[in-house]
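Please walk me through this predicted model.

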Amino acid sequence: MKVPEFIIASSPVLPFATPAKKSGVLIAMALLLASCSSTPPKSLVTPLPPVAKQPLAPKGERNKEPVRGVWLATVSRLDWPPVSSVNVSSPAQRISQQKKSLTDKLDNLQSLGINTVFFQVKPDGTALWQSKILPWSDMLTGTIGQDPGYDPLKFMLDEAHKRGMKVHAWFNPYRVSVNTKPSTIAELNRTLSLSPASVYVLHRDWIRTAGDRLVLDPGIPEARDWITSIVAEVVARYPVDGVQFDDYFYAETPGSALDDSMTFRKYGQGFSSKADWRRHNTQMLIAQVSRTVRQLKPGVEFGVSPAGVWRNLSFDPAGSDTRGAAAYDEAYADTRLWVKQGLLDYIAPQLYWPFSRKAARYDVLAKWWADVVKPNNTRLYIGIALYKVGEPSKNEPEWTTRGGVPELKKQLDMNESLPGINGTILFRENYLNQPQTQEAVRYLRSRWGH
């Protein structure tokens with residue numbers, strides 16, 4: 001989940017998208033990986049057993065309760081697992097520490113009235129579940145591919161569901177690593193002997209550098225199919241309540257742009273600009289993941305949490321009255337179109353600014369998004385900036401006024417009173433435990449808590 005401190009002045013349908021396919025064939029196709037240029041050590045995926053389709057609940061019964069959610073990040077161990085757990089000598093002690101840390105967090109979230117956890121299961125090119133496609137995450141043990149001795153996603157689902165809380169599996173679709181250090185490259189190369197190995201060694205031709213990270217090139221159709229197969233694996237095998245992509249689609253920086261010129265030459269015919277072609281690529285991923293989730297388990301929600309600004313009014317008459325970096329132009333994500341086309345069950349824009357921030361006013365954006373979802377059945381959950389609460393800011397002093405409580409109250413009041421907004425998600429879990437947020441946490445407990 002990007003922390004956007006950036007305020008400044010159709011391709012063919014995949015074979016597994018055909019409704020008539022039986023679910024067993026559908027999953028096998030969804031999990032089929034395109035062959036890579038060099039022969040992989042062995043097949044990456046074993047087709048899964050058929051999954052019974054689950055009928056959609058009647059609309060009136062779905063999500064009666066507004067979402068009161070929190071993002072729980074595992075990338076760089078931001079929220080979980082505890083850094084200290086990776087350094088213990090005994091695997092049993094590590095497992096015990098990691099499990100206790102998670103159940104303690106869930107107990108705290110339950111007491112706050114949180115009913116949905118957005119759990120980061122794919123922080124990069126590794127997995128926090130027992131995958132046949134991705135190696136185990138080094139966030140768990142310190143080593144990519146090392147079996148942690150338990151299945152964190154299964155454990156999270158069991159414990160959260162026991163507490164009456166929902167879990168959405170949060171995926172970062174394209175990131176392979178958080179840096180390009182020689183030590184990181186060496187560790188990725190060492191996975192070649194593992195099964196499964198890293199995509200970095202199996203499909204080197206898909207890998208690019210952008211934002212000083214290793215990423216997949218979103219313009220390569222096989223890479224999009226591969227991401228879809230990863231989502232399909234989780235949805236087919238685990239009782240997740242939802243799937244979420246964060247805002248990292250084309251994630252580049254001015255000093256570290258994504259070089260996709262060769263990909264554009266190969267696949268960009270018929271597009272008047274590279275920007276349009278990039279937006280098309282992102283659209284294709286969203287469309288095929290949406291189809292796959294709905295066909296495997298229609299009751300599982302699929303959503304995206306994009307940057308809060310789609311486009312600015314100065315660039316587009318349909319845009320918001322803002323002056324922020326826009327998902328359409330910066331990440332090549334036409335988030336408004338995805339809502340219009342009914343591809344998402346929900347959208348959770350990151351509105352990380354106060355009411356007084358003229359360049360991107362909270363109320364202006366909340367109302368704009370409520371208008372966007374109004375003609376559709378797409379639900380709207382608003383992401384709010386818990387990470388800013390209590391932090392001094394020249395541009396946004398509200399976050400320190402009376403512990404940030406008045407600003408937080410205004411935002412929650414709007415989310416709970418404006419028709420079209422179906423919930424709130426806090427970014428992110430560990431900030432609930434910081435000294436500077438405690439007045440706000442007490443307020444949340446009094447407002448939402450049991």
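The buried residues of α3 pack against β1 (67-72), α2 (83-86), β2 (116-122), α4 (138-141), α5 (152-162) and α15 (438-448). Helices (H or I, at least four residues) and strands (E, at least two) are DSSP runs, numbered from the N terminus. Buried means under 20% relative accessible area, exposed over 50%, and partly exposed in between (1.4 Å probe, protein chains only). Among the buried residues of α3 are R94, I95, L102, L106 and L109.

This is a predicted model, in which local features need pLDDT of at least 70, side-chain atom pairs count only at pLDDT 80 or more, and totals for chains, interfaces and linings use all residues. Residues are numbered from 1 along each chain as its sequence is written, and side-chain values use heavy atoms, with hydrogens and water left out.

Helix α3 covers residues 91-112. S90 caps its N-terminal end, with a side-chain oxygen 3.2 Å from the backbone nitrogen of A92. Just after α3, G113 has a positive phi of about 90°.

Now the core. A nonpolar core is a set of buried Ala, Val, Leu, Ile, Met, Phe, Trp, Tyr and Cys residues joined through side-chain atoms within 4.5 Å. The largest one has 123 residues, and F119, W129, F171 and F245 have the most contacts inside it. Another core, of six residues, lies apart from it and includes A210 and W277. Contact means heavy atoms within 4.5 Å. Beyond neighbours within four places in sequence, F245 is in contact with residues including F171, I227, L285 and F302.

Next, the charges. A salt bridge is a side-chain nitrogen of Lys or Arg within 4 Å of a carboxyl oxygen of Asp or Glu. By this rule there are 25 salt bridges. D79 and R428 form one of them (2.5 Å, N to O). D79 sits in the loop between β1 and α2, and R428 in the loop between β10 (423-426) and α15, 349 residues apart. Both D79 and R428 are buried.

E233 pairs with R237 in a salt bridge, the closest N and O atoms being 3.1 Å apart. Both lie in helix α8 (residues 221-237), four residues apart, about one turn of the helix. E233 counts as buried because its relative accessibility is 1%. R237 is partly exposed, because its relative accessible area is 29%.

Conventions
Expected span 1.5 Å × (residues − 1). Polar contact = N/O pair within 3.5 Å; in protein donor to acceptor, adjacent residues only side chain to side chain.
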